[in-house]
Amino acid sequence: MSKPATTRKPANIVYGLEDTPPILVTVMNGLQHVGVLTINLVYPLLVFRALNLPIELVTSLISAGVLVLGLATFLQAFRLGPVGSGFMCPSTFSATFFAASLLAAKTGGLPLVFGMTIFAGVLEAVVAPFLNRLRAIFPPEISGLVIFMIGLTGGIAGLRLIFGSGAAPMRPEEWIVGALTIGTMVALNVWGKGAASMFCALIGLVVGYIASGVTGLIDSHMIAAVAVTPWVGMPAIDFHRTFDLALAAPFAIASLATSMKAAGTITICQKMNDADWVRPDMKSITAGVLADGASTILAGIVGAVGTNTSTPSVGLAAATGVGSRKVAFVVAAIFILMGFLPKLPALLGLAPRPVVVAALLFTVSFIMINGLQIMTSRLLDARRTVIIALSTIAGMAVEVFPSIAASASPGLRPVVGSSLVLATVLALALNLLFRIGIKKTATFSIADAVPDPDKIGAFFQTQGAKWGARPDVIKRASYGTIQLIDAVAEGVWHEGPIVIAASFDEFNLDVRVSYNGGQLLFPDERPSLEQIRGSENGAQLLAGFMLRRNADRVRSEGAEGQSRVLFHYVH
Amino acid sequence: MATNNVLSIGEIREAGVCVVTLAGRIDSTNANDVMNRLKSLIAAGEKSIVVDLGGVIYLTSAAFRALLVATDEAERTAAKFALCGLTGHVRELFEMGGLLELFTIHASRQEAVVQGGGK
């Protein structure tokens, strides 16, 4: 059935995608997102620090990166031809590219980091148009699992800064600052009302900075370092780019993971903006993933690590109920401006460990729950249960037992060295394996001269329940079959039994109706009022037109008095 | 289940408006019953008719034709003719057929009666 032109806003969304919030709300939300997104600056920062680059160059590179985030956020929201989903779905640097980028930095320095980043972006853009055809390989439970794992591993990565080997023990003032930061965010989110709830993350960050100043975590020495940074400057983008085939695998996997994460994030945006959301709209997902790939290409060109749509940011929009596209434009404008104001990235770089970790833990909570929701958006049968459970356990094993990665052969290390990549690859492999024997068929024959629609309805309901098919799709198939038989019975010559064969394979529901008799027409245009009223033939034409719109695809075949109508429904 | 789906046609008068309530499924086997009932009301001189589809499970094209023929009859005799109670699946079917704009449709029976079956 055709999608309604306008979508119904869910009750928890105060300002939807097309809404224009008051200017203060828009700007404050934009700042809040910038506050959340800049946390991920830690990834390029850690890659650049690994190369022991001079601090001025690092600040300049971060400025370039910030500029990329602004352009990427704008591209995603603005929609340039087929590129961009149109959603308020800001970009940020991704944890997914972190390990691969660090490896490239150690192997071939900045030129290799940027060269491989372009490669990953191109790959993502190439994969994007085929996502629709790859639905069977990337079902919601896998994209949900990826999002869940990103949330979980993000939280663990944050805690590693506190408890990991090599991490300095937390001082009492750090615990206090961390507790104050996350406590403020959580308290305002849970018990706060209006603006306090809406700006919980930003207020929490400000509280964290103030507490850091009071406790001495940010001292005058650090502030002086920011003071000497110039107010205005051009980002450094003058580097060579190189490519190394040996690094193609980890970057390809990272690219695959980011395209899936982008698809998942766009799915959250769709869901967040549509109270009647039923299934992912692949058109906007493809456009969103294309924009995500283009942004990573841009990152490689300008001189940054790979970007990805920010699930915490979308999670924040869901938490605050502000999903307006105008906020994305404000976020883009702030980032672009920040790209030319090096003092601001330098100031943001001051964020002490407990503030960064607290903000990370707060935002990943929303990612994990969104992942869970997507995973469980379909009935969890035995196949999906095993895929989700085993992949999660495998991913967690990598985090708990570092020996798995350490003892793996160099060829396997890109896969088993990352909990996210291993969980994803295992889920994809299990899903492909479980496709075997998934298609189920049932037939139903009507011998009566006058077909009983209740029996047809009961046939579809019984089979739908048995197959775990979505009720809305079963309803469409049931109605389509009843309408077809009704039209044939009334106005088309026929004799003998009518046979209904329905086959279901989780992503497709195909219904074939066969009978001895004449063919029904399926016009693309609705018959005119005069045609419908003029004769019973008008009702047949209207039936054909409605059936064409009811199914995702209709095919009519006829030979030697035998007619067959095939309805295809995307599940 | 079968008995619940059988078409029932009711008729009540509210504030001078003849409200025809339809319930169950309407298809080629009973669409003529609906059409004939509506035609006979119009022929009897009824000037304000509201058809309440609130209890309808689904309609096939034969039912839509019946309603369109009745609309035409009403226009000829300058009678007001409107529909109400289009919710859920039934409304989707009207959308699927691109038929919403061919009828006068009210959000509720109360509103339809206040308008006397007109716009």
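This is a predicted model: local features need pLDDT of at least 70, side-chain atom pairs count only at pLDDT 80 or more; totals for chains, interfaces and linings use all residues.
Let me begin with chain B, which contains 5 helices and 5 strands, and whose elements, read from the N terminus, follow the pattern α-β-β-α-β-α-β-α-β-α. Of its 119 residues, 56% count as buried, and the accessible surface of the chain comes to about 5000 Å², with 49% of that belonging to carbon and sulfur atoms. If we take the contacts in chain B between residues at least 6 apart in sequence, 67% of them join residues at least 24 apart.

In soluble globular proteins, nonpolar side chains tend to be buried together. Here the largest nonpolar core has 86 residues, and A:Phe48, A:Phe251 and A:Phe335 are those with the most contacts inside it. Helix α4 of chain A, residues 95-127, gives this core its largest share, 12 residues. Leaving aside residues up to four places away in sequence, A:Phe48 touches several others, among them A:Leu53, A:Ile62, A:Leu110, A:Phe114 and A:Gly303. There is also a second, separate core of 71 residues, which includes A:Ile482, A:Val492 and A:Phe567 together with B:Ala74.

Finally, the sheet: in chain A, 5 strands form an open sheet in the order β3-β4-β5-β7-β6, with antiparallel pairing. Which strands lie at its edges? They are β3 (440-446) and β6 (553-559), each of which pairs on one side only, and from one strand to the next the twist averages 15 degrees. Strands β4 and β5 of chain A pair over 9 bridges, and A:His494 stands opposite A:Gly517 in β5(A). Across β3, β4 and β5 of chain A lies helix α20, residues 453-467, running at about 170 degrees to β3(A).

Key:
Residues are numbered from 1 along each chain as its sequence is written. Chains are lettered from A and ligands numbered from 1 in the order in which they are written. Side-chain values use heavy atoms; hydrogens and water are left out. Helices (H or I, at least four residues) and strands (E, at least two) are DSSP runs, numbered from the N terminus. Buried means under 20% relative accessible area, exposed over 50%, partly exposed in between (1.4 Å probe, protein chains only). Contact means heavy atoms within 4.5 Å. Accessible areas come from the Shrake-Rupley method with a 1.4 Å probe; for residues, only the protein chains shown count as cover. A nonpolar core is a set of buried Ala, Val, Leu, Ile, Met, Phe, Trp, Tyr and Cys residues joined through side-chain atoms within 4.5 Å. Two strands pair if DSSP finds at least two bridges between them. Axes are lines fitted to C-alpha atoms, for helices over the stretch in contact, and angles run from 0 to 180 degrees between N-to-C directions.
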